[in-house]
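This report describes how selected residues are placed in one protein structure. Please examine the sequence and the model before reading on.

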Amino acid sequence: MEIFTGFATVLDSPALLCWIVLAALVGTVVGAIPGLTASAAIAMILPLTFAMEPLAALAFLYVIGKSGRYGGSIAAILFNTPGTAASAATQIDGYPLARKGLAGKAMKVATISSVIGDYIGDLLLILFVGWIAWVALRLGPPELFGVYFAAFVVIGSVIGASPARGIASAALGVLLATVGFDPITGTPRFTFGSYDLTGGFNLVPLMIGMFVIGEVMSQAVRPDAPPKVQQGEAARNRLTWDEYRPCLPHVVRSSVIGAFIGMLPGLGSAIAAFVAYGEGKRRANNTDEWGQGALQGVAAPEAANNAVSGPSMAPLLTLGIPGSTIGAILVGVFLVHGIQIGPTLFLTNGDLVYALFASGLIGIAAYGLIGYFGAASLGRIIARVETRLLYPIVLLLAIGASYAARGNMFDVWVAIGAGVVGYAMRRTGLNPAAFVIAFVLTGGAEQALRQSLLLSDNGTLIFLERPVAAGFLILAVGILVHRVRRTRKARREVTT
């Protein structure tokens, strides 16, 4: 199988192994810092990877994304402050365990569950991604546009406080993506006579502004209360097999839930974690203990959270559609290194893809060892760092990374402007993740739309004449209607 060739490629390169281990450490640390996310770390580090070999750059950022998802559990358990959105579900039972002096045991459960979930997700990706790519190769421009349209609707309607705000976030991303030259006619659009805008907005400073500067601004207006680390006696924090065994059914079920949700663009690990937590509590024999400090309540969301990581790469690699913000950032790495993502990727760079999968599997083991033996010590170190010193440093690094991408001051202003917009979006209930994913998708969607119209003698009716394209359009409308109805029902229940 190709995956064994991928392992051979990785193991033959000591430098690549070092990058993988470093990525596991960086992602765990960043995820464990309250207020910072793996997306923010990857956005800042992205310009530094442009000089690296393609596989090393992709593996480094990919593993940071994996370990960052896990690292959020450390902050959730120790500080009652989730390091990532997905870790908010872990916080429900993790922090009560910490208050009982069982923080070490909770973090061990989170680590083992994260590793198992991540491995299950990656194995499902490896088994089925080739088949997905085979199907994708048989899609024409109308079918591809149907897929893109469904992705836009799913992202817009699911991500965010409400369907209207989610779609507004995605629409703003589409609007900014159209700035620059028209891909078909070559005429400038929305440039307002500015030379800097003729090439459109660069993805790197835009993401740095949205995820890093915007987040720093959000943290700056919050009270600076240093977190208190919840520890306990070492003897009480040893995890035995008898204690973990009841967690296993929840871990396996939650991993499957996370893997399925990961394949759907835009849903993400936060939704997977909460769905898995709810399903786990519904099936549990000790329902009354959930929310009060149940180990299964830590295991279920952590398995689902990390199981999203691998399958979320499937739409990116086979269709060029990022299933998460981290996937959207990886698009930039592929493009910088001249690698065209999409159905033909497995024909032109199959060895690189499976070496990337192998890197991910090794990275899971690396962050698992780091977390199992070092999570408690890492938490104590983070608690000593004052946020009033940390965030100014992060802000300076973000500005430097924005300039380093192309050596252009215009990109710095783009990053600062995107930061202000990102902060405003957070304050108004709009969603920066939906904005960035829509920004990345727009180029491919526009190309598929324009090609479809050139092929058609009946204009937009071509999308209804092709069964697969029509099916995706109907699916998109159905998802939107379902989401709107659920939102209205939830509002009525709150008012009554």
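W19, L22 and L25 make a nonpolar surface patch of about 250 Å². Such patches consist of residues with over 30% relative accessible area and no salt bridge, their nonpolar side chains being joined within 5 Å; a salt bridge is a side-chain nitrogen of Lys or Arg within 4 Å of a carboxyl oxygen of Asp or Glu. Areas come from the Shrake-Rupley method with a 1.4 Å probe.

The model is predicted: local features need pLDDT of at least 70, side-chain atom pairs count only at pLDDT 80 or more, and totals for chains, interfaces and linings use all residues. Residues are numbered from 1 along each chain as its sequence is written, and side-chain values use heavy atoms, with hydrogens and water left out.

Two residues may be set side by side.

Leaving aside residues up to four places away in sequence, S113 touches Y244, V251, A299, E302 and A303, where contact means heavy atoms within 4.5 Å. The side chain of S113 also reaches the backbone oxygen of V109 at 2.7 Å.

Apart from neighbours within four places in sequence, F357 is in contact with I3, L125, I126, V129 and L317.

Technical notes:
A polar contact is a pair of N or O atoms within 3.5 Å; within protein, one must be able to donate a hydrogen and the other to accept it, and residues adjacent in sequence count only if both atoms are side-chain atoms. Patches are made of residues with over 30% relative accessible area and no salt bridge: like charges are joined within 9 Å, nonpolar side chains (Val, Leu, Ile, Met, Phe, Trp, Tyr) within 5 Å.
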